[in-house]
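Reader: Here's a new one for me. Can you walk me through it?

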Amino acid sequence: MSSITFDGVTVRYPGAESDAVENVSFECDDGELVVLLGPSGCGKSTLLRTVNRLVPLAAGRVRIDGNDVNALDAVELRRSVGYVIQAVGLFAHMTVAQNVAVVPSLRGWSRDETARRVDELLRMIGLDPAAYRDRRPSRLSGGEAQRVGVARAIAARPRALLMDEPFGAVDAIVRTALQRELVRIVAELHTTTLFVTHDMDEAFRLADRIVVMRSGRVEQVARPQELFERPATEYVRDLVHAGDDVYRRYFMRGRALLRGLAE
Ligand SMILES: Nc1ncnc2c1ncn2[C@@H]1O[C@H](COP(=O)(O)OP(=O)(O)O)[C@@H](O)[C@H]1O
Ligand SMILES: [Mg+2]
C-alpha cells in the first residue's frame with residue numbers, strides 16, 4: 001500500500017544550462033497506475049529516477065507513503081521499489097528462477113517460500129514454470145525476457161513499481177499482450193505504478209491518469225478521457241488530437257478491451 005508524492009521536484013544535471021525536471025508536483029495514489037507521457041528528452045526518466053534516488057534533487061521532495069525518500073536507506077529503498085527498464089538487464093549467468101528470486105534472496109526468504117513465489121510469478125506472467133524455471137536468459141525471446149523482468153521487479157511484493165518504457169523493444173503483438181498482463185497484475189496486486197512512455201497509444205491503454213510532460217514541466221495531469229475533453233493547453237490539445245476520429249475511437253476501444261470494460 002503506497003502513494004508517491006512529488007512536491008516541487010526539480011533536477012539539474014551537472015553542467016546543464018536548464019533544469020531536466022522543473023518544479024513538478026503531483027501525486028500517484030495508492031494502487032494507481034500513472035503514466036508519464038511526453039517526447040524524448042522531456043524529463044520522464046529523470047523524474048522516475050528521483051523516486052528510487054538514482055538522481056539527486058536540486059529542490060523539492062519525493063515521498064512514499066508520506067516518507068521523504070531522502071530520509072530512507074537508499075539500498076532498502078531500491079529493494080522496496082520495483083524498477084523495470086527497456087534493456088531488461090536480466091543476469092545472464094543466472095537461470096530465470098534465480099533472476100526472479102534476486103530480491104527475495106536478499107531479503108532472506110526461505111528456499112521453499114522463494115521457490116513457491118517464483119512458480120506463482122511465472123504462472124502469473126504466462127510462462128510455464130516447469131519449462132522456464134531453469135532456462136538462461138539467452139534462451140528467451142524479447143517478450144519473454146521482458147516478462148521475466150516484470151516478475152523480478154514484483155517478486156518481493158514491492159510497495160511501488162517504476163517502469164521506464166519497458167515494452168519499447170518488443171513487437172506490437174507481444175506489446176499488447178504485455179500491456180494486458182501488466183494491467184491485470186497491477187490491479188490484482190494493487191501495486192502503485194509509475195509508467196514512462198512516449199507512446200500515446202500505450203499511455204491511453206494503461207493509465208488511470210496521465211501526466212503530460214514537456215521540457216521538464218508538467219502540462220496537465222488528468223484521466224485519459226479528460227485529456228480529450230478538457231486539454232489544459234494547446235500542446236496537450238495537439239497531442240491528443242493528433243489522430244482523426246477513427247483513430248481516437250480505436251484507441252479508446254483498445255483501452256476498454258484491455259481493461260475488460262468493452263461492451
Ligand atoms: N545522466 C545525465 N546527465 C546529464 N544530462 C542528462 C542525463 N540524463 C538525462 N539528461 C538530460 O536531461 C533531459 C531529460 O532527459 P530524460 O529524463 O532522459 O528524458 P526522457 O526520459 O523524457 O527522454 C535531457 O535534456 C537529457 O539530455
Ligand atoms: Mg527516458
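**Helices and pockets**

Reader: Helix 7 and helix 8: is their crossing left-handed or right-handed?
Author: Right-handed (the near helix is turned clockwise from the far one by less than a right angle). This is a predicted model, where local features need pLDDT of at least 70, side-chain atom pairs count only at 80 or more, and totals for chains, interfaces and linings use all residues. Residues are numbered from 1 along each chain as written, chains are lettered from A and ligands numbered from 1 in written order, and side-chain values use heavy atoms, without hydrogens or water.

Reader: What's the angle between helix 7 and helix 8?
Author: About 15°, with the axes 11 Å apart. Helix 7 is residues 142–154 and helix 8 is 172–189 (DSSP runs of H or I, at least four residues). The two are therefore roughly parallel (under 35 degrees).

Reader: Which residues meet there?
Author: From helix 7, G143, Q146, R147 and I154. Helix 8 brings V174, A177, L178, E181, I185 and L189. Contact means heavy atoms within 4.5 Å.

Reader: And by class?
Author: Six nonpolar, two polar and two charged.

Reader: New topic. What gives the most to the lining of the largest pocket?
Author: Strand 6, with five residues (strands are E runs of at least two). Lining residues have an atom within 4 Å of a pocket point.

Reader: How do the residues of that lining divide?
Author: Into 13 nonpolar, three polar and four charged.

Reader: And the second largest pocket's lining?
Author: Four nonpolar, four polar and four charged.

Technical notes. Axes fitted to C-alpha atoms, helices over the stretch in contact; angles between N-to-C directions. Parallel < 35°, antiparallel > 145°, perpendicular 65-115°, else oblique. Nonpolar A, V, L, I, M, F, W, Y, C, P; charged D, E, K, R; others polar.
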